[in-house]
Amino acid sequence: MGCPDWPKCFGYYIPPTSEKQITWQPNKHYDKGMIIIKDEILFVAEKDVETTSVFNKNNWNKYTKHDYATFNKFHTWTEYINRLVTVVSGFIFLFLLAGSLKFRKENKLIPIISFSAFFLMLVEAVLGKMVVDSNLKPTMITIHMVIGLLIIGLILRLLFIVKEKKRVYKYHSLFNKLLIVSLVFSLIQIALGTQVRQFIDEQVKLFGFDNKEYSLMNPSFKFYFHRSFTIAIILVNVSMFYLNLIYQLGYRLINWVLILLFFETISGILMYYAEFPFGTQAVHLLSGALLFGLQFYLWQQSRRTKFFNKK
């Protein structure tokens, strides 16, 4: 919630760096659409405004999409940079789509996947707006995250088609089944994680950003399930590592899966027992997304090997 509106931020193309910029002030010019905080309420300029010594409510409308009237420059710029990266990514996906068209005769799947990924990037941008407008509604956060994972899956599928043309690994039925289970488990865990994150956000609103020790006070069942479910995820992935080692299947990515699981677990432990050290939430989220990506790519390798064995 670093920016209350979308795609601008407090009505600015370049977001504010201090609370003074978005706090109502006398004898100042405000452009139409700019958002201010006055008496802990968000107001939007309904037209270009030249303020006087007295606040005139007739020149302002209350911001009705949500009432999160808090300014934190770090949150604001984190959100804004996220939006800038999304815009750049959108252009990269557009170039990818354009480049994939030359493969339409060789493999029609390449432009289809590229178009699907580009379309989902547009959907993701719209969902980003809906997440902001909903004041971080848990359902919207979960959908936003799942769409992001789908985009990762499509790009990895495209990479696999282009890169893994000849390489074939040893197929093992149990390993392949465990891979599918690990993918499902990761999706469940990430979805639960977004719900836990929502609870943390509610605690932050209640007790303040500086009181991190209260972030996980009296958590719901979802948190305990999310924490304990990690054990099942570790067991499944360690089993895959064991099978790959014993039967010499050749799946080197499974080593990176365990490394990411380590970072995922350690960052989770630090958040709970060390009151959210700086960067642990980002590491936790990034590790989860990368873990899903590696598992998905591994599954493609295993699935392709199964196909070649049948041939």
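Lys and Arg count as positive here and Asp and Glu as negative, while His and the chain ends are not counted. Each charge is placed at NZ of Lys, CZ of Arg, CG of Asp or CD of Glu. On that basis, the mean positions of the 35 positive and 20 negative charges of the protein lie 18 Å apart. Please keep in mind that this is a predicted model, in which local features need pLDDT of at least 70 and side-chain atom pairs count only at pLDDT 80 or more, whereas totals for chains, interfaces and linings use all residues. Residues are numbered from 1 along each chain as its sequence is written, and side-chain values use heavy atoms, with hydrogens and water left out.

**Overall architecture**

- The protein has 7 helices and 5 strands, taken as DSSP runs numbered from the N terminus (helices are H or I with at least four residues, strands are E with at least two).
- Reading from the N terminus, the order of elements is β-β-β-β-β-α-α-α-α-α-α-α.
- Along the principal axes, the C-alpha atoms fill a box of roughly 80 × 50 × 25 Å.
- Of contacts between residues at least 6 apart in sequence, 65% join residues at least 24 apart; contact means heavy atoms within 4.5 Å.

**Surface and burial**

- Of the 311 residues in the protein, 43% are buried. Buried stands for under 20% relative accessible area, exposed for over 50%, and partly exposed for what lies in between (1.4 Å probe, protein chains only).
- The accessible surface comes to about 17900 Å², and 66% of this belongs to carbon and sulfur atoms. These areas come from the Shrake-Rupley method with a 1.4 Å probe, and for residues only the protein chains shown count as cover.

**The cavity**

- The structure holds 1 cavity of 30 Å³ or more, and the largest cavity has a volume of about 30 Å³.
- A cavity is a set of points on a 1 Å grid over the protein atoms alone where a 1.4 Å probe fits but cannot get out, and lining residues have an atom within 4 Å of a point. Points are joined across faces, edges and corners, and the volume is the space filled by probe spheres set on them.
- The lining of the largest cavity is made up of Met-1, Gly-2, Tyr-68, Thr-70, Asn-72, His-75 and Thr-76.

**Residues in helices**

- Glu-79 belongs to helix H1 (residues 73-100) and counts as buried because its relative accessibility is 19%. Apart from neighbours within four places in sequence, Glu-79 is in contact with Gly-2, Cys-3 and Val-132.
- Gly-148 sits in helix H3 (residues 138-163), and its 18% relative accessibility makes it buried.
- Gly-288 is part of helix H7 (residues 280-310) and is buried, at 6% relative accessibility. Not counting residues up to four places away in sequence, Gly-288 touches Ile-190 and Glu-264.
- Gly-288 and Tyr-30 are 258 residues apart along the chain, and 43 Å separates their C-alpha atoms.

- Most residues other than glycine have a negative phi.
- Phe-10, which is not a glycine, has a positive phi of about 60°. Phe-10 is found in the segment before strand S1 (29-30) and counts as buried, with 1% relative accessibility.
- Glu-40 also has a positive phi, near 60°. Glu-40 lies in the loop between strand S2 (35-38) and strand S3 (41-45), and it counts as exposed because its relative accessibility is 70%.

Conventions:
1 Å grid on protein atoms, 1.4 Å probe; cavity = no way out; pocket = protein on both sides within 12 Å on 5 of 7 lines; lining within 4 Å.
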